[in-house]
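I opened this notebook to keep track of what I looked up in one structure. The entries follow the order in which I went through it.

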Amino acid sequence: MNHFQYRNCELFCEDIAVADIAKEVGTPFYLYSRATLNRHFLAFDSGFEGLEHITCFAVKSCSNIAILFLFGKLGGGADIVSGGELFRALQAGIDPQKIIYSGVGKTEKELRYGLESGILFFNVESEQELQSLNRIAADMGGKAPVSFRVNPDVDPKTHAYISTGLAKNKFGIPIQEAEELYVQASEMEHIAVKGVSCHIGSQLTLISPFVEAMRKIKAFIGRLSERGVTVQYIDLGGGVGIIYDDEKPPHPKEYAQAIREELGGLQATLIFEPGRVIAGNSGIMVTEVQYTKVNRGGAKEKHFVVVDAGMNDLTRPSLYGAFHAIQPVVKTGAAARVVDVVGPICETGDFLAKDRDIAAVQQGDLLAVMSAGAYGFTMASNYNSRPRVAEGMVDGDQFEIIRERETMESLIRGEKIPGFLEK
Ligand code: LLP
């Protein structure tokens, strides 16, 4: 359930007509519903009520500081993967003791920044990273809190690009090798062993891979305790998948129930890193039709709707062949037609939808690209020198911009013509 619904043929975000916002801010833009963000955060978080846990929102999925601030107010933390995301989380007022730092390639500078900020723990992904942390913590005269991201070799049955828990993926430390590393880490002077982590992939529509991973983690924790290593935290990675089209993902409550059952009597604080399940259906991207055209050269007539948003604004369709529903902002009752909805970028791979049945549109019509709240704006780029679009948020009958549209000047910020070219 989300708060993007039609009232008399007009798409509303909560109590505001999306078309009115478009008039005010121009297109394209991303629009988030506060009520939906709230609802989805709580739907996930409340599933673990009664268990010690922290819901650390995956900043990579939707990183605007307004959104991070909102989750901070609801008691959430942040799962970060770069110094930039750490900066955002801190700017948004997230408690550092609710920040966990994941990722295979943290630089020395980033490790230091995390330590200085007093984050809850690092999800360490290699022995070399552990050595670096030990050295930096020694240098700073402290102890680095660590959890190891173990790779349980579980097939999440999702898109290959977002499967992360298979032995062939670059992520984590193979579960069979991790035991020795834990023993080694527990003897290091400047390392404090805090937890065990895993993240097997994103957009999972089955519970069984999570259960399989949890079982492996539980058995692993048993083996660790036999070796005298105890952990305080279990980090189970990202959330469940969402409905873009006709997927049937489990409800977050079902996921929570399955985890509860697997946990048994295990005493630990649970950490979750959900992104998509909270933000995905809490945001849309609104774009305006520029032109419609028909190419009759091939065996079949091909209809195109050219809009003002491209693969640089929402890259998921081009990159993963991902499906995003496309809906009219104002329903006209026009007959449906099969079209490709394409952007202005000079690449054939620049499309938002292919062979999609949508009500016929005309120049100037507005379209809403649904389920764009996660991995939408955060993956946008300036390709083709296109300023990144605005982001806005609705709360009931109020609307505010939460990120200004970039300007032409912002496109060349930091660029300069070297003196030797001017001679
Ligand atoms: N934790 C870690 C360590 C992750 O790598 C990810 C996502 C998450 C948590 C959040 O997972 P979620 O709850 O959102 O499923 N750009 C792709 C998705 C990449 C996911 C990367 N990692 C897409 O647009 O589908």
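Before anything else I wrote down the terms for accessibility: a residue is buried under 20% relative accessible area, exposed over 50%, and partly exposed in between. I also noted that this is a predicted model.

**Entry: Ala 335**

I started with Ala 335, which I found in the loop between strand E16 (326–328) and strand E17 (336–342). Is Ala 335 buried or exposed? Its relative accessible area is 59%, so Ala 335 is exposed, given that the cut-off for exposed is over 50%. I then looked up a pair that includes this residue. Ala 335 and Ala 359 are 24 residues apart in sequence, and their C-alpha atoms are 5.3 Å apart in space.

**Entry: the ligand**

I turned to the ligand next and asked where it sits. The ligand is in the largest pocket. I counted 18 residues around the ligand, and the ones that come nearest are Ser 202, Glu 273, Arg 316, Tyr 320 and Tyr 375.

I then went through some polar atoms facing the ligand. An N or O atom in the side chain of Arg 316 is 2.6 Å from an oxygen atom of the ligand. For Gly 275 the atom concerned is a polar backbone atom, and it is 2.8 Å from an oxygen atom of the ligand. His 199 has a polar side-chain atom that lies 3.5 Å from an oxygen atom of the ligand. How much of the ligand does the protein bury? Taken alone, the ligand exposes 600 Å², and the protein buries 92% of that.

**Entry: Tyr 375**

I went back to Tyr 375, one of the residues that come nearest to the ligand. I found Tyr 375 in the loop between strand E19 (366–369) and strand E20 (390–395). Its phi is positive, about 55°, although Tyr 375 is not a glycine. Tyr 375 counts as buried because its relative accessibility is 15%.

**Entry: Glu 14**

I looked up another positive phi, that of Glu 14, which is near 50° in a residue other than glycine. Glu 14 lies in the loop between strand E2 (10–13) and strand E3 (16–17). Why does Glu 14 count as buried? Its relative accessibility is 10%, and the cut-off for buried is under 20%.

**Entry: Pro 28**

I checked the peptide bond from Thr 27 to Pro 28 and noted that it is cis, with omega near -10°. Pro 28 is in the loop between helix H1 (18–25) and strand E4 (29–33).

**Entry: helix H2**

I took helix H2 (residues 34–45) next, which has 12 residues. From its first C-alpha to its last, H2 reaches 16 Å, close to the 16 Å expected at 1.5 Å a residue. I listed the buried residues in H2: Thr 36, Leu 37, Asn 38, His 40, Phe 41, Ala 43, Phe 44 and Asp 45.

Glu 179 counts as buried because its relative accessibility is 16%. Ile 175 counts as buried because its relative accessibility is 11%.

I also looked up one C-alpha distance for each. Glu 179 and Ile 243 are 64 residues apart in sequence and 38 Å apart in space. Ile 175 and Arg 149 are 26 residues apart along the chain, with their C-alpha atoms separated by 8.9 Å.

Notes. Residues numbered from 1 in each chain as written. Predicted model: local features only at pLDDT ≥ 70, side-chain atom pairs only at ≥ 80, totals over all residues. Heavy atoms only, no water. Helix = DSSP H or I, 4+ residues; strand = E, 2+ residues; numbered from the N terminus. Expected span 1.5 Å × (residues − 1). Buried < 20%, exposed > 50% of the residue type's maximum accessible area, 1.4 Å probe, protein only. Near = heavy atom within 4 Å. Polar contact = N/O pair within 3.5 Å; in protein donor to acceptor, adjacent residues only side chain to side chain. Areas by Shrake-Rupley, 256 points an atom, 1.4 Å probe, with all protein chains shown as cover. 1 Å grid on protein atoms, 1.4 Å probe; cavity = no way out; pocket = protein on both sides within 12 Å on 5 of 7 lines; lining within 4 Å. Sits in = over half its atoms within 2 Å of the grid points.
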